[in-house]
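Let's walk through this model together, one packing at a time. Please have the viewer open and follow along.

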Amino acid sequence: MALKNRLAKLIIDPAFRHPGFLKFVFAVDDLTGIDVVKALAPFKMLPASKQLFSRCFAHFVSGEEISLAAATELSTCAPAYAEHKYLLLQASEERTHLEHFRDKLAQFGLGEAQLNRYVAPAFARFGSLIRERTGRGDYVAGVIGNNVVVEGLAICLLELGCREMRANSDEISAFMDFVLEDERHHVRFGERTLKKLHESDAIDHAAAEDFYGRMWDTTRDVINDIPDVLDAMDLSPAPLLRDVKAFYDARLAAAGLVFAV
Ligand SMILES: [Fe+2]
Ligand SMILES: [Fe+2]
């Protein structure tokens with residue numbers, strides 16, 4: 001069981017990633033029943049690993065900031081009162097996620113001012129692309145950008161890339177379940193909203209396709225920017241890109257939208 005314990009990659013500094021040392025750590029685990037990896041709090045991580053862990057969480061903080069701003073802005077251009085109210089609720093949930101991920105980063109010693117240095121250079125483009133469209137009242141682009149692309153990427157990372165992190169921290173695991181439940185709901189809202197708009201012929205297909213293409217290019221750039229962070233999450237860029245694209249396309253197809261992207 002022991003070597004499956006990938007959080008060791010985060011906790012044990014690269015210099016100590018010696019198979020013999022890992023074997024020793026896991027032997028202690030097997031003999032004493034003490035889960036050594038789990039027992040090591042993030043504060044005890046060695047500097048290089050701590051930085052990597054911080055970079056994982058910095059992306060979650062940044063993603064939540066983008067979603068909070070997008071949901072707030074989208075609520076102002078929602079065509080119906082029920083959607084306006086839902087988006088305000090979504091924004092309040094994003095704020096809760098953001099505060100928790102920020103608390104975690106502060107525990108790791110990463111201040112707000114340093115955050116951007118830890119995030120993939122292309123990441124901020126998600127926010128600016130969405131803001132540019134919602135700023136001119138483009139509701140469809142805002143829903144595709146936030147409720148399908150940004151939230152969909154978060155779901156894929158939380159589901160596919162955090163298994164070992166969850167296995168090693170009950171607190172992180174419980175919080176990730178809580179966040180995932182909310183994010184799935186936000187994506188379902190996006191899917192249903194796009195379906196309704198599509199069925200009432202309220203979507204400019206060419207414009208939506210163009211915007212989705214820009215968002216997909218950004219997803220690709222972000223994923224290709226952070227191979228080391230993905231490696232720490234036991235993910236590789238190529239299969240992740242395939243899975244994320246399949247997730248996006250399935251959501252859009254459920255809404256009746258097929259884009260040549
Ligand atoms: Fe969120
Ligand atoms: Fe969300």
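Helix α10 covers residues 205-225 and helix α12 residues 237-254; they pack at about 155°, with their axes 10 Å apart. Here an axis is a line fitted to C-alpha atoms, for helices over the stretch in contact, and the angle between N-to-C directions runs from 0 to 180 degrees.

A contact requires C-beta atoms, placed from the backbone, to lie within 7 Å. The residues of this contact split into five nonpolar, two polar and one charged, where Ala, Val, Leu, Ile, Met, Phe, Trp, Tyr, Cys and Pro are nonpolar, Asp, Glu, Lys and Arg are charged, and the others, Gly among them, are polar.

A word on conventions: residues are numbered from 1 along each chain as its sequence is written, while chains are lettered from A and ligands numbered from 1 in the order in which they are written. As the model is a prediction, local features need pLDDT of at least 70 and side-chain atom pairs count only at pLDDT 80 or more, whereas totals for chains, interfaces and linings use all residues.

Now step back to the whole chain. It has twelve helices and zero strands, both taken as DSSP runs numbered from the N terminus (H or I, at least four residues, for helices; E, at least two, for strands). Of its 261 residues, 36% count as buried. Buried is defined as 20 or more other C-beta atoms within 10 Å of a residue's own, exposed as 12 or fewer, and partly exposed as in between.

The largest nonpolar core holds 54 residues, and those with the most contacts inside it include Phe 57, Val 140, Ile 144 and Ala 208. Such a core is a set of buried Ala, Val, Leu, Ile, Met, Phe, Trp, Tyr and Cys residues joined through C-beta atoms within 7 Å. Helix α7 gives the most to this core, with 13 residues. Ala 208 is in contact with Val 140, Ala 141, Ile 144, Ile 203 and Leu 257, leaving aside neighbours within four places in sequence.

Helix α7 also packs against α9, at an angle of about 150° and with the axes 9 Å apart. This crossing is left-handed. The contact of α7 with α9 divides into 13 nonpolar, five polar and four charged residues.

Beyond residues up to four places away in sequence, Cys 156 touches Asp 243, Val 244 and Phe 247.

Finally, look at Asp 201, in the loop between α9 and α10. Is Asp 201 buried or exposed? Asp 201 is exposed, because 8 other C-beta atoms lie within 10 Å. The phi of Asp 201 is near 60°, a positive value in a residue other than glycine. Most residues other than glycine have a negative phi.

Note on methods: Two residues are in contact if their C-beta atoms, placed from the backbone, lie within 7 Å. A crossing is left-handed if the near helix is turned anticlockwise from the far one by less than a right angle, and right-handed if clockwise.
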